[in-house]
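Here is a short tour of charged side chains and the partners they pick. Have a look at the sequence and the structure first, then read on.

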Amino acid sequence: MFRGLLDFITNDNKVDEKLGMTEKQKKIVQNTWATVRKDPVSSGIAIMHALFTEHPEYQNQFKAFKDMPFDELAKNKKFQAHCANIVSAISGAIDQLHDPTLMEATLLSLAERHKNRGQKLEHFQNLKQVMINLLPTVFGKQYTPEAQEAWKKILDLMFSTFGQVYND
């Protein structure tokens, strides 16, 4: 019995060399993200509203809703679809924490698509900062110092992977 508990604790603290995260940190990210995943449209809207508030010029990069008044965005179905896609893309990466090579390939593909559409690395960096600022509000009491550290690691990893596409 104690051996099983010891193995469980040891495995939780084992660092995944490819990700630089412990198993426990991976679980924290997955468990906290479950809150966002419950309502991908609203969660995505919160992310995009925060991004457009910080960087209003970014709205002009979206043909489907570039000329729409900011306060009407949340009602627009194309905007909602894009917001849900953002949450889905992050969810996909989080689901792939068990397979870092697959996660990296997924993120590289996502970055390539955005680069081909004219998005800049700076846009991703600004999105990362928006998310860092938004997470404490989204996760509430779940956003412990341990969760903050785990999220810093996953966001650093995700956004540095995007940077690979732009730095090549």
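## What counts as a salt bridge

A salt bridge here is a side-chain nitrogen of Lys or Arg within 4 Å of a carboxyl oxygen of Asp or Glu. The idea behind it is simple: side chains of opposite charge can pair when their charged atoms come close.

Keep in mind that you're looking at a predicted model. How many salt bridges does the structure hold? There are eight of them, and a few are worth a visit.

## R37 and D95: joining α2 and α4

Let's start with R37, which pairs up with D95 in a salt bridge. The closest N and O atoms of this pair sit 2.8 Å apart. R37 belongs to helix α2 (residues 23–37) and D95 to helix α4 (residues 77–95), so the bridge ties together parts that lie 58 residues apart in sequence.

## K128 and D156: joining α6 and α7

Next up is the salt bridge between K128 and D156, where the closest N and O atoms are 2.5 Å apart. This one links distant parts of the chain as well: K128 sits in helix α6 (residues 121–139), D156 sits in helix α7 (residues 145–167), and 28 residues separate them.

D156, at 27%, is partly exposed.

## E149 and K153: within α7

E149 and K153 both lie in helix α7, and they are four residues apart, so about one helical turn separates them. They form a salt bridge whose closest N and O atoms are 3.8 Å apart.

Both partners are partly exposed: E149 has a relative accessible area of 42%, and K153 comes in at 28%.

How values were computed. Residues are numbered from 1 along each chain as its sequence is written. This is a predicted model: local features need pLDDT of at least 70, side-chain atom pairs count only at pLDDT 80 or more; totals for chains, interfaces and linings use all residues. Side-chain values use heavy atoms; hydrogens and water are left out. Helices (H or I, at least four residues) and strands (E, at least two) are DSSP runs, numbered from the N terminus. Buried means under 20% relative accessible area, exposed over 50%, partly exposed in between (1.4 Å probe, protein chains only).
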